[in-house]
Amino acid sequence: MTAALLAVFIGSSIRLAMPLLLAAIGELISERAGVLNMSIEGMMLAGAFGGAVGAWATGSPSLGLLVGLLAALPVALIQAFLTVVLRANQIVTGLGLNILVLGATTLAYREIFGARSRETIPGFPAWTPPLLGDIPVFGEAVFRQVWLVYAAIVVVILAAFVLRQTAIGIALTAAGDDPRTLERAGLSVEALRFGAILMTGMLAALAGTFLSIGDIHTFTEGMTNGAGYLAIAAVIFGNWTVGRTVVACFVFGAATALQFQLPAIGLDVPNALLIMMPYLLAFLAVAGLVGRQTAPRALATPFRR
Amino acid sequence: MNAPVTDAKSSGALLELDGLTRRFGAFTALSAVDLTIRAGEVHCLLGENGAGKSTLCNLVFGMHPPSEGEMRVEGKPYRPVGPRDALAAGIAMVHQHFSLVDEMSVVDNLMLGRVRGILDRRGWARRLDGLAERYGLALAPFARVGDLSIGERQRVEIVKCLMLEPRLLILDEPTAVLLPDEIRSLLGVCRRVAEEGAAVLLVTHKLAEIREAADRATVLRQGQVAATSEAPAREIERLVRAMIRRDLDTLDSAMAATLGVAEAGPAEKPDKPKPAEIPAGPDVLQIDNISQRDADGATRLNGVTLTLRAGEIVGLAGVEGNGQSELGLILAGLRAPDSGRLFLGEQDLTGRKPTAFTQAGIGIVPEDRHRVGAIVDMSVAENIFLNRTGDFTRFGLLRRQAMYDAAAEMMQRFDVRATGPDARFGRLSGGNQQKAVLARELTAPGLRFLLAAQPTRGLDVGAVEAVYALIREAASRGVAVLLISSELDEVLTVAHRIAVIYRGRIVGERPSDPRHRNAIGAMMAGQAAPEEPAISEKAA
C-alpha cells in the first residue's frame, strides 16, 4: 500500500467512524445511566431526515442541522417518557420507535420529494484546518473533513471529561449501577435518566445529520441502515468506557473503509465479506468474545422505588 | 450546624413523632406511634422483624409519607417528601442494606449527591482522613467499594452520614452483618457521636447492644409502642417481655439466638434442647479439596474439605462473602468446581447437572429464595411440586385439582399460611415462603443431604423457630444437613459441629458450644483462634 493510499484509507476511516462515534458516545451516556436506548437508530434516522429536509427547504446546511436536532427531539422525548416515566420495557419501546421512524421518514420523504428524489441537498463543505493541511501526502487526505468531524472530537473529549471528573458523571454512573443508592443520596434517578436520553437524542441526531448533509449530501430511505445498532455494539465492544468505545468506532470505521480500499490496491476479497466486517466484529463483541463485559448493573432495568 | 449542646438543651426533644401511622394497602405497618428522641442520646429501637422498625425509620428519612400523624424537628413541623428533605433537616441514615455504589471508589461514593461541577477528589480524601481520625474509622479513599469487606463498607456508610454533621443519625440494624469486634467499634462510634451532641437512633434486636450503648429505648410490637425505658440496661427483661411477650428464661432456642441472649450477660443461657453428641452415622457427603476462582481470577474457594455424616447438622460459620455463596452453588450443582471432587455416599457428583444432584438425594434451601428457590409469580402449590409435576399428570395433562389437594395437605403439615394452594408465592410472607421451600425439599424422595443457606434471613422469630424445627427433624431422620449462616448465634443454636470459613478456606472446626464463641468469632475474622481453656467435650 502506498503512502497516498494509506492516507486516503485513514481519511475515509475517520469520516466513516464519525457518525458512529457521535451516536456511540450518545448511547454510552444513556447506558451509563442504565437505559439501553435501542431507539438510537430511529433518532439517527430522524436527524438525517430532518437535516436533509431543513437544508433543502432553507438552502442552508446550518439551518438543516438545527432542523435535524429538532426532528430527533420527539423520538427522544417519547423514549424517555415511556421508559423513565411509564417504566416500559426499554428494548421493546426502542424497537417500536425505530420501526415508527423508518415508516414516518419514508412516507414523508416520498410526500415531500416525490419525483424530485434526484435533487441534490445543500450540505456542509469539507474544510482543511490551517497547519495540519500542510503536511505532505497526509495533510489533504486525512484532515480535509467536514467541520462536524472536528466538532465530534470536541464532543467526545467533553463527554469523557464530564463522565470522569464531574458530579454529573458519578451521578450518571450511580444511576446505571445502583439507582436506589443514587436516590438515597438525594438525587432523582428519573431526572438523570430523562436527561441522559435527551442527550443521546441530540448526539444521535448530530450523527444523523452528518450522514445526510455532512457526508453524502442526500437522503435515502432508511439511510442509517443499522448504524445505530452498530453504535450500540461499539459501546459493548468498548466495555462502557469512553476510550474503548472510541477505539471500537474507529475499528468499525476502518473495517467499512476497507471495502473501498482493498479493491483499489488490487486485493481480491469478496465484497460481501468486507461489507460484513463491521457487523462480524460487532457480533463478536456482543457475544462477549472480546474481553470481559462489565455492563452497568442496572442496565435496561426500569427503576422502581 | 452542630454546635456543642448544653445540658439544658440536651434534655430537649430533637425529633418528636406524634401519632405516626403508616398503612400499606390494608396492612397497618405503624399505628399511632409517639416517640421522642433527644439530642445527645443513643436511643435504641427494639422489635421483632415486621414490628415496624424499618417503616418508622423510612418515614423519618422521608422515604414514605406517613398516612397519619405528625413529625417535628426541634418543635417545628417536619414533613419530608424525600430523603433530600431529611438530609436538609440534619437527619442521616445508614440503611439495613448498604447504599453504596460498588463500582465506584470510596471518595466518589462520599461525593455522590453532595457536590456540583468538577470533582475535588483530593480535597474529599483529606476530609475523609480528618473524620477517620476523629472517630477511629480508617478507610482507603481511592479503594473500590466492591473490594472492601462488609465491615469496611459499613464504615463508608457511617462516614458518609457523619460528613453531613447530622443532628440525628439513624442506623437500621447495622450490626446484623458485623463481627463481634466490629460491633464493639460501631457502638463506640455511636457513643462518640452522642457525646458530641447529636442523637443516634439505633435499630436492633440484640440485647447486648442495648446493654452496651443505649441511653433510652423504645420497643415496637405489631406497629405500636409496647414499652419505653429510661434505663434500658437495667430493664432488659421488661423490654424483652414487651417485645415478644415472653419471659427471658422461657425463651426457646430460636429466640435466644435471634436476640443474642448468650451475649447479654447475666441472663445467660436459656436451656438448650440441643443434642450435644455428634451422631455417628455413616458418611453421607464428602466435599473433597474443592477450589474455585471467579470471573476475575480471584480465588473464591481454596481447597475446601468437609465430610458430613448421616443425622449430623454441620454449621458453616463465616462472614458473608467468604466463599459460602460459591460453595452453595457447587453443592446445588449449579456450578462445577475448578478442582476437587464431590461425593454423595459412593456416587461422584462432580460436574454433574442439577437434576442428577436432586435425584441423588440432595435438597437445597438456597440463599436467594426469590431468584433460585422459587418462582414468585407461580402459585404455592406449583412451587411446592415444581420438581414433581409428573406425579399429577395423566396423559401428559396436569391435574391441577389433585395437585392443589396434595399441596393443601403439605401446607398444613409444614404450617405454610396462605389464602390457599393457588395463592401467588410472591404474596406470602418470608417465613411462609421459606416453609414452602422446605416442604418441597424435605419431602423429596430419598433425601440424604440438605443444604440450608442462610435459611432464616429476614424471617420473624416464630418462623425462625419453625425452620430450626424442620431442620432438626430432617437430621433426626438421618439426613445430613449443612447450615450456612453468617449469624454465629444461629449455628451455635442449631448445629452439632461448626466449621468456620474464611477467604474460601475452612480455617477451623469446633463442637457447637457457646464456650467456643470467642474462638469461632476470631476465626471468622481471620485471626488464629485464641488460646482457650480446655473444655471437656462431654461437659456440655
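Student: Where in chain B is the place of Glu173(B)?

Tutor: Happy to start there, with one caution: this is a predicted model, in which local features need pLDDT of at least 70 and side-chain atom pairs count only at pLDDT 80 or more, while totals for chains, interfaces and linings use all residues. Residues are numbered from 1 along each chain as its sequence is written, chains are lettered from A and ligands numbered from 1 in the order in which they are written, and side-chain values use heavy atoms, with hydrogens and water left out. Helices (H or I, at least four residues) and strands (E, at least two) are DSSP runs, numbered from the N terminus. With those elements to guide you, Glu173(B) is in the loop between β7 (168-172) and α7 (180-195) of chain B.

Student: Does Glu173(B) count as buried or exposed?

Tutor: Buried means under 20% relative accessible area, exposed over 50%, and partly exposed in between (1.4 Å probe, protein chains only). Glu173(B) has 10% relative accessibility, so this residue counts as buried.

Student: What is the phi of Ala32(B)?

Tutor: Look in strand β2 (residues 27-38) of chain B, where Ala32(B) is found. Ala32(B) counts as partly exposed because its relative accessibility is 47%. Its phi is positive, in a residue other than glycine, and is near 45 degrees.

Student: What separates the C-alpha atoms of Asp415(B) and Ala436(B)?

Tutor: Asp415(B) is in the loop between α15 (400-413) and α16 (430-442) of chain B. Contact means heavy atoms within 4.5 Å, and Asp415(B) touches Asn432(B) and Lys435(B), not counting residues up to four places away in sequence. Asp415(B) and Ala436(B) are 21 residues apart along the chain, and their C-alpha atoms are separated by 8.6 Å.

Student: Which residues touch the most other members of the largest nonpolar core?

Tutor: A nonpolar core is a set of buried Ala, Val, Leu, Ile, Met, Phe, Trp, Tyr and Cys residues joined through side-chain atoms within 4.5 Å. The largest one has 140 residues, and those that touch the most other members are Phe219(A), Leu112(B) and Leu162(B).

Student: Why does this core lie between domain 1 and domain 2 of chain B?

Tutor: Domain bounds here come from an automatic or database domain assignment. The core lies between the two because residues are given to it by both domain 1 (8-90 + 166-250) and domain 2 (99-165) of chain B.

Student: What area is buried between domain 1 of chain B and domain 2 of chain B?

Tutor: Their centres, taken over C-alpha atoms, are separated by 25 Å, and the contact takes 14 residues from domain 1 of chain B and 11 residues from domain 2 of chain B. Buried area is the accessible area (1.4 Å probe) that two parts lose on being put together, summed over both. Carbon and sulfur atoms give 67% of it here, and the area is about 1,100 Å².

Student: Which three residues of chain A supply 35% of the area that chain A buries against chain B?

Tutor: In the contact between the chains, 20 residues of chain A meet 26 residues of chain B. The buried area is about 1,800 Å², with 60% from carbon and sulfur atoms. On the chain A side, the 35% share is more than any other three residues supply, and it comes from Ile170(A), Thr181(A) and Arg184(A).

Student: How far apart are the end C-alpha atoms of residues 192-214 of chain A?

Tutor: An unreviewed UniProt entry places the feature "transmembrane region" at several spans of chain A, including residues 192-214. UniProt positions are given in the numbering used here, feature names are shortened, and annotations may be inferred rather than shown by experiment. In the model, residues 192-214 of chain A are 100% helix and 0% strand, with end C-alpha atoms apart by 31 Å.

Student: Which helix of chain B has the lowest mean pLDDT?

Tutor: pLDDT is the predictor's confidence in each residue, from 0 to 100. Chain B averages 84, with 89% of the residues scoring at least 70. Where pLDDT is low, the predicted coordinates should not be read in detail. Among the elements of chain B, the highest mean, 95, belongs to helix α4 (residues 106-111), and the lowest, 41, to helix α1 (residues 7-10).

Student: What ipTM does the predictor give the complex?

Tutor: For chain A, the average pLDDT is 90, and 97% of the residues score at least 70. The complex has a pTM of 0.75 and an ipTM of 0.87.
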